Amino acid sequence: MLRRVDPQRPRGWLYRAYSRMSGTRPAGWISRHVAWKLDPWLMRRTNGRVRFGMGLPMALLETRGAKSGQVRQNGVIYFHDGADVIVIASKLGMPEHPAWFHNARANPDVKVNGEPYRAEIVGDEAERARLWGLADRIFPAFAAYRERAAAADRTIPILRLVPSESAR
């Protein structure tokens, strides 16, 4: 079951401090070289209770490889917008999109913590601005990631995951 994450809910000082620390370059190195590899394994075996992003709202996103069709799993930070789940394809603001984004774009029927969704890329700029405001409340480091990505001429995609009974 996916825990509901309300981006409007006030966050405590410990959460805010941890999320800011998580957005630093050293934490990004740990994320890229350790957490991204171990989180899917840890989250599968503990039903999401153990992960590197402790305290942050994380879920296990399951996609199908764009070329291989094989199931891929990645830990992602998420929040809710109504019944929909919002996921930011930030990849720490690096010049390229995360592989899971390419997979979701090619095969939009995805699962989040085992529940079926249909992935839609948010293209409307006003809607993107509104969702960025909510995303920054969940994970303030997203603002720095947007700056890094912009310096590399990349626009970070936002995915809206719509609940689906027919997805896979």
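1. Asp84 is found in strand S3, where strands (E, at least two residues) and helices (H or I, at least four) are DSSP runs numbered from the N terminus. Asp84 is buried, with a relative accessible area of 15%; buried means under 20% relative accessible area, exposed means over 50%, and partly exposed is in between, with a 1.4 Å probe and protein chains only. The side chains of Asp84 and Arg160 are joined by a polar contact of 2.9 Å, a polar contact being a pair of N or O atoms within 3.5 Å, of which, within protein, one must be able to donate a hydrogen and the other to accept it, while residues adjacent in sequence count only if both atoms are side-chain atoms. Not counting residues up to four places away in sequence, Asp84 touches Phe79, Arg160, Leu161, Val162 and Pro163, contact meaning heavy atoms within 4.5 Å.

2. Before reading further, note that this is a predicted model, in which local features need pLDDT of at least 70 and side-chain atom pairs count only at pLDDT 80 or more, whereas totals for chains, interfaces and linings use all residues. Residues are numbered from 1 along each chain as its sequence is written, and side-chain values use heavy atoms, with hydrogens and water left out.

3. Helix H4 (residues 125-138) has 14 residues and reaches 20 Å from its first C-alpha to its last, close to the 20 Å expected at 1.5 Å a residue, the expected span being 1.5 Å times one less than the number of residues. At the start of H4, a side-chain oxygen of Asp124 comes to within 3.3 Å of the backbone nitrogen of Ala126. The buried residues of H4 are Glu127, Arg128, Leu131, Trp132, Leu134, Ala135 and Ile138, and what covers them includes helix H1 (13-22), strand S2 (71-81), strand S3 (84-88), H5 and S6.

4. The largest nonpolar core has 39 residues, and those with the most contacts inside it are Phe79, Ile88, Trp100, Phe139, Phe142 and Leu161. H4 gives the most to this core, with five residues. A nonpolar core is a set of buried Ala, Val, Leu, Ile, Met, Phe, Trp, Tyr and Cys residues joined through side-chain atoms within 4.5 Å. In soluble globular proteins, nonpolar side chains tend to be buried together. Leaving aside neighbours within four places in sequence, Trp100 is in contact with Leu61, Thr63, Asn74, Val76, Val87, Ile88, Ala89 and Leu159.

5. The count of aromatic pairs comes to four. The rings of Trp132 and Phe142 have centres 6.0 Å apart and planes at 70°, so this pair is edge-to-face; rings of Phe, Tyr and Trp (its six-membered ring) pair if their centres lie within 6.5 Å, and planes under 30 degrees apart count as stacked, over 60 as edge-to-face and the rest as tilted. Because Trp132 lies in helix H4 and Phe142 in helix H5, the pair ties together parts that are 10 residues apart in sequence. Trp132 and Phe142 are both buried, and ring pairs link Trp132, Phe139, Phe142 and Tyr145 into a cluster.

6. The charged end of Arg146 sits over the ring of Trp132, 4.2 Å from its centre, and Arg11 lies over the face of Tyr15, at 5.4 Å from the ring centre. A charge sits over a ring if NZ of Lys or CZ of Arg is within 6 Å of the ring centre and within 35 degrees of the ring normal.

7. Ser90 has its place in the loop between S3 and helix H3 (99-106), and with a relative accessible area of 9% Ser90 is buried. Not counting residues up to four places away in sequence, Ser90 touches Phe142, Tyr145, Arg154 and Ile156.

8. Two backbone angles deserve a check. Most residues other than glycine have a negative phi. Phi of Asn113, however, is near 50°, a positive value; Asn113 is found in the loop between strand S4 (109-112) and strand S5 (115-121), and at 31% relative accessibility Asn113 counts as partly exposed. Asp153 likewise has a positive phi, of about 60°, and is placed in the loop between helix H5 (142-151) and strand S6 (158-163). Asp153 is exposed, with a relative accessible area of 75%, and Asp153 and Pro95, 58 residues apart in sequence, are 7.5 Å apart in space, C-alpha to C-alpha.
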